[in-house]
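This report looks at aromatic rings: their contacts with charges and with one another.

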Amino acid sequence: MTDQPIRHVPADLPDRIRHYIGGKLVDSADGGMFDVLDPVSNEVYVRAAAGQAADVDRAVAAARTAFTDGPWPRMAPRERSRVLHRIADLVESRDARLAELESFDSGLPITQALGQARRAAENFRFFADLVVAQTDDAFKVPGRQLNYVNRKPIGVAGLITPWNTPFMLESWKLGPALATGNTVVLKPAEFTPLSASLWAGIFEEAGLPEGVFNLVNGLGEEAGDALVKHPDVPLISFTGESRTGETIFANAAPYLKGLSMELGGKSPAVVFADADLDAAIDATIFGVFSLNGERCTAGSRILVERAVYDEFVERYAAQARRVVVGDPHDPATEVGALVHPEHYAKVMSYVEIGKGEGRLVAGGGRPEGFPTGNYVAPTVFADVPPSARIFQEEIFGPVVAITPFDTDEEALALANGVRYGLAAYVWTNDLRRAHTFSQSVEAGMVWLNSNNVRDLRTPFGGVKASGLGHEGGYRSIDFYTHQQAVHVTLGAAHHPTFGKGA
Ligand code: NAD
């Protein structure tokens, strides 16, 4: 650990962050603003427009007009695809600036923020390609019927996103929503509005028609809530906490909206004694400490077979202590500052709870040399019982719980013994065990002998309290489109004749 570094402040920060509605940057109708802090100094560096129902109304109206009267939903997939590729090119060409702003605003290490910026570009490229390659089903009943699927964009999609990797997660929704011809209103997270303010310029330069993309900043309970309850928004794609998901689910119910929910996690990484221990330790360190541990798919519970448990814990703790905490802007930094003092307080409270629930073997508080800023030392608790709160609850920071097991059955029961079911990571060289375990583990996604390496074609989503529905590949296309079935009679109409009786 070094002395507290000097805070890096990007040049040319905006003097305020505004909404973007119908192709124009605008303030809130009532002039309301909220403070935005940077996580290293926890000082207010900018104020952002605090959207209310009136602002959401304006944004939805602009998106609705662009949908009913504008060219975007009617363009050929290839034309939309070209715009999306230009968006990807622009994001790539600005990756360094994007990473600098994202890292400053969210506290993510700069190297990891750069990776996320590139992934954002890839999300656009992927869906640009997918809509061009998209085929739909046609079914023939010989001599009688030809039936086909008429896929149509749905309308105004409401996109509500969290503060962890904000720009990338926004792209994950914007890419497929736009590729399929919808128009959108994005409500980004209030902790991190900075990178989202770049979308408007990128979309204008790429040639996205006016009104197709709209952005309303603001608090979840105000701007987010108004979007969820807006009658002209038939779709809500939400990523955030499970409890917020429950609220949105209830609020959307009277409108019978299409919902896609990517929620919290408490994912297990299961290490069997026959695993490649070096690889498992490296991967499980990265799996919970990358992105500051503010990662929905973090492997935040490590279950280790008893035969290698002591060795694993000792080596894991030693390596965790060597993880470099530092200024988010420093390329050598592996764990930066947590996003906001409120979140920092929450993570620190779990660190204290953990001290009464498990055996602290690394970290356990603020790292040395960082008297200010939202810094948490990578923290490892061993011997954590499954009843512990740090085993059951999502902490969303650089804190991990390690628990021993004796049998495959016990490992499975521990893995499944939480309310969440997002990801699972399994480390074993036994093929049959790996697949048998994967089939039974309650997780939307499983990685065998691997970290979280995404293939954008595969489904992404969780089970239990981790989510509702899946996005990823054509599943995103399905969520953002109606699939109308059209039935065509071949030859003579064939139906029984009623009402011809004597
Ligand atoms: P959050 O639920 O507090 O907020 C997410 C978004 O919802 C924000 O934009 C917020 O303003 C908005 N919001 C809050 N209350 C609302 C309401 N009543 N109506 C409408 N919108 C509302 O989540 P967060 O703290 O920003 O993000 C962290 C959480 O997100 C973690 O639980 C994490 O696991 C989860 N997450 C899940 C995935 C996934 O794909 N499963 C990915 C990333 C993050």
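The charged end of Arg419 sits over the ring of Tyr420, 5.3 Å from the ring centre. Lys257 lies over the face of Tyr255, with 5.2 Å to the ring centre. Both values come from a predicted model.

Rings also pair with rings. How many aromatic pairs does the count give? It comes to 19 aromatic pairs. Phe167 and Trp199 form one that is stacked, at 3.9 Å centre to centre with 10 degrees between the planes. This pair links distant parts of the chain. Phe167 belongs to helix H5 (residues 166-179) and Trp199 to helix H6 (residues 199-206), 32 residues apart. Phe167 counts as buried because its relative accessibility is 2%, under the 20% cut-off. Trp199 has 0% relative accessibility, so this residue is buried too.

Tyr425 and Trp447 form another stacked pair, at 5.5 Å centre to centre and 15 degrees between the planes. Here, too, distant parts of the chain are linked: Tyr425 is in strand E18 (residues 423-427), Trp447 in strand E19 (residues 445-448), 22 residues apart. Tyr425 is buried, with a relative accessible area of 5%. Trp447 also counts as buried, at 10% relative accessibility.

| Pair | Centre to centre | Angle between planes |
|---|---|---|
| Phe167 and Trp199 | 3.9 Å | 10 degrees |
| Tyr425 and Trp447 | 5.5 Å | 15 degrees |

Which residues do ring pairs link into a cluster? They are Tyr20, Phe124, Phe167, Trp199, Phe203 and Phe213.

Key
Residues are numbered from 1 along each chain as its sequence is written. This is a predicted model: local features need pLDDT of at least 70, side-chain atom pairs count only at pLDDT 80 or more; totals for chains, interfaces and linings use all residues. Side-chain values use heavy atoms; hydrogens and water are left out. Rings of Phe, Tyr and Trp (its six-membered ring) pair if their centres lie within 6.5 Å; planes under 30 degrees apart count as stacked, over 60 as edge-to-face and the rest as tilted. Helices (H or I, at least four residues) and strands (E, at least two) are DSSP runs, numbered from the N terminus. Buried means under 20% relative accessible area, exposed over 50%, partly exposed in between (1.4 Å probe, protein chains only). A charge sits over a ring if NZ of Lys or CZ of Arg is within 6 Å of the ring centre and within 35 degrees of the ring normal.
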